[in-house]
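Visitor: I'm new here, so please pick out the aromatic pairs and walk me through them up close. I'd also like to hear what surrounds them.

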Amino acid sequence: LVVTPDGRTALSVSRNGELLRWDLNDAAELAHYDGHGDMVYDVAYLPDGSQFLSISGGSSPTLPSQDTSVRLWDVANEHQLRAKDLPLEVLFQIDVTPDGKQALIVGMAPMVIVLDAATLEQIGQLEGHQGWVTGVDISPDGHHAVTVSVDGSIILWDLFAQKLVRHIETGAVGGLWAVALSPDGQTALADTDEGAVGLWDLASGERLSKFVIDGFSGAGSSGIAFLPDGQSAIAQGNNGVIYHWDLQSGELIRVLGQHNDIRMRIEITPDGSKAISSGMDGVLMLWDLQNDELIRRFGTPGHMIFDVEISPDGLTALSGSSDTSIIRWDLDSQDGQELNDWIDANRFVRELSCDEHDLYQIAPY
């Protein structure tokens with residue numbers, strides 16, 4: 001094995017003389033799940049981490065979708081267990097109740113589809129929005145869910161009774177595209193059309209505070225997440241910048257970094273120590289939230305990543321891509337050691353030719 005000077009790639013040679021170039025940033029890929037016939041918009045682990053759900057759909061209501069479905073997968077065996085077609089052209093997001101029994105799906109319709117997570121059969125439908133429902137988040141106790149819509153409203157739902165609890169009109173003419181429910185279920189963060197993220201009291205329907213995204217107007221954010229203690233939050237602005245805010249003081253703790261595209265998501269590990277951000281630039285970034293520092297970059301450049309989901313144990317993550325695939329990533333892997341061990345056991349390395357040294361800019365020993 002020969003590692004390039006920038007540490008990003010490595011070269012190995014197979015026994016038939018084939019020269020292989022490895023991307024060490026993508027060495028964290030654990031599994032590849034193929035089965036969808038269109039872009040994968042979202043993924044959601046079931047609580048025990050042994051299975052997950054995924055949804056796919058078309059890119060536009062004017063273009064026929066090749067596959068608008070929800071699918072259930074076995075994580076370890078990389079096997080699809082079942083699939084169900086859904087009557088929507090575009091699906092935006094899916095979330096699973098903490099007991100793993102129900103899944104909520106939102107898309108290009110003014111309703112929330114409630115499925116049995118095991119059988120994928122529809123067991124309910126939540127109606128109250130007047131436009132597409134674009135975001136959904138379920139409370140930690142599984143009793144409530146909150147949704148947002150292009151109609152500019154936030155709705156709090158009672159999942160046990162399957163009924164509307166509170167309807168909040170935010171006045172966002174441009175609609176809402178992201179929402180997160182606080183760990184105690186009392187407040188919600190949602191984007192605005194003012195280049196900001198708003199914190200809303202769900203009991204009164206009042207906006208408590210506004211967190212401004214500098215230098216940006218219109219829809220403020222597509223990815224928002226509370227930290228487990230509910231005291232701070234991470235939001236990704238549609239300018240590509242990732243912000244860490246203190247919710248009590250309203251102060252910006254730090255700007256973490258930036259993606260090179262819009263429409264991103266953010267997920268926090270269960271212990272609150274790390275966050276992973278995804279972007280339509282095909283890049284995933286893993287962050288240390290203790291120091292607000294970037295741990296590593298990886299992903300699928302050239303393909304859009306619509307959403308990311310961290311496993312219940314915080315050790316892996318799933319991403320859905322525009323190339324119809326789902327990838328499971330090892331969040332614990334910070335170097336190429338696993339790749340090195342595999343190559344040591346399965347490959348041998350010959351001396352590179354002078355032309356190969358020049359091509360890959362590797363200095364002779």
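Guide: Let's start with a word we'll need: a residue is buried if its relative accessible area is under 20%, exposed if over 50%, and partly exposed in between (1.4 Å probe, protein chains only). Keep in mind that this is a predicted model, where local features need pLDDT of at least 70, side-chain atom pairs count only at pLDDT 80 or more, and totals for chains, interfaces and linings use all residues. Residues are numbered from 1 along each chain as its sequence is written, and side-chain values use heavy atoms, with hydrogens and water left out.

Now to the rings. The structure has ten aromatic pairs (rings of Phe, Tyr and Trp, the last by its six-membered ring, with centres within 6.5 Å; planes under 30 degrees apart are stacked, over 60 edge-to-face, the rest tilted). One of them joins Tyr33 and Trp73: with ring centres 5.9 Å apart and planes at 70°, this pair is edge-to-face. Tyr33 sits in strand 4 (residues 29-33) and Trp73 in strand 7 (residues 69-74), so the pair ties together parts 40 residues apart in sequence (strands are DSSP runs of E, at least two residues, numbered from the N terminus). Both Tyr33 and Trp73 are buried. They also belong to a cluster, in which ring pairs link Tyr33, Tyr45, Phe52 and Trp73.

Let's stay with Trp73 a moment and look at Ser54. The side chains of Ser54 and Trp73 make a polar contact at 2.8 Å (an N or O pair within 3.5 Å; within protein, one atom must be able to donate a hydrogen and the other to accept it, and residues adjacent in sequence count only if both atoms are side-chain atoms). The Ser54 side chain has a polar contact with the side chain of His36 too, at 2.6 Å. You'll find Ser54 in strand 6 (residues 51-57), buried with a relative accessible area of 0%. Setting aside neighbours within four places in sequence, Ser54 is in contact (heavy atoms within 4.5 Å) with several residues, including Val40, Asp42, Arg71 and Ile326.

Finally, hop over to another ring pair, Phe92 and Trp177. Their centres lie 5.8 Å apart with planes at 80°, so this pair is edge-to-face. Phe92 is in strand 9 (residues 91-96) and Trp177 in the loop between strand 16 and strand 17 (179-181), so to speak a link between distant parts of the chain, 85 residues apart. Phe92 is buried, at 12% relative accessible area, whereas Trp177 is partly exposed, at 22%.

Conventions: Helix = DSSP H or I, 4+ residues; strand = E, 2+ residues; numbered from the N terminus.
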